[in-house]
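Dear colleague,

I am handing over the model that we spoke about, and my notes on it follow below. Please read them with the structure open beside you.

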Amino acid sequence: MSAHAATAPAAGHHEPSKFHTYVQIAMLLGVITGIEIVLVYLPLAKWLVIGGLVFFSAVKFLYVIFYFMHLKWDKVFCTILFFIGLVLAGGTMWALLHLFGAEASKPLSSIIGMLL
């Protein structure tokens with residue numbers, strides 16, 4: 001018996017193609033987006049709405065990076081590199097937001113006007 005015959009899928013068992021997987025994920029992302037839109041208009045507590053939106057956004061982000069950016073089929077090293085870059089970008093954004101916050105971005109003339 002050849003090695004090819006041993007690795008062939010069993011008769012009647014079809015593995016879904018990547019195209020169908022992408023379509024299913026796109027539909028799932030559309031449903032999650034619809035849930036997010038409905039969630040915004042529901043009379044819920046603000047922290048619950050924001051927490052739900054953050055959660056659904058994180059789920060959509062993970063689906064997109066693992067399937068549409070092909071991280072699921074890449075080596076683990078590529079995933080680690082991606083998340084290192086993500087952490088560095090997030091840290092840079094956090095630092096810039098605090099560095100150029102509302103107090104630091106006021107013009108000097110308004111501060112001098114307040115002192116006089």
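Just after α3, His 70 takes a positive phi of about 65°. Helices here (H or I, at least four residues) and strands (E, at least two) are DSSP runs, numbered from the N terminus. Before going further, please note that this is a predicted model, in which local features need pLDDT of at least 70 and side-chain atom pairs count only at pLDDT 80 or more, while totals for chains, interfaces and linings use all residues. Residues are numbered from 1 along each chain as its sequence is written, and side-chain values use heavy atoms, with hydrogens and water left out.

Within α3, the buried residues (under 20% relative accessible area, with exposed meaning over 50% and partly exposed in between, for a 1.4 Å probe and protein chains only) are Val 49, Gly 52, Phe 56, Lys 60, Ile 65 and Tyr 67. The cover over these buried residues includes α2 (18-41) and α4 (76-99).

**Helix α2 and Glu 36**

Helix α2 has 24 residues and reaches 35 Å from its first C-alpha to its last, close to the 34 Å expected at 1.5 Å a residue. Its buried residues are Tyr 22, Ile 25, Leu 29, Ile 32, Glu 36 and Leu 39, and what covers them includes α3.

Glu 36, which is found in helix α2, has a relative accessible area of 10% and is therefore buried. Not counting residues up to four places away in sequence, Glu 36 touches Leu 53, Phe 56, Ser 57 and Lys 60 (a contact being heavy atoms within 4.5 Å). The side chains of Glu 36 and Lys 60 are also joined by a polar contact of 2.9 Å; such a contact is a pair of N or O atoms within 3.5 Å, where within protein one must be able to donate a hydrogen and the other to accept it, and residues adjacent in sequence count only if both atoms are side-chain atoms.

**The chain as a whole**

The protein chain has 5 helices and 0 strands, which follow the pattern α-α-α-α-α along the sequence. Of its 116 residues, 13% are buried. Among contacts with a separation of 6 or more, 47% are between residues 24 or more positions apart.

How values were computed: The expected span of a helix is 1.5 Å times one less than its number of residues.
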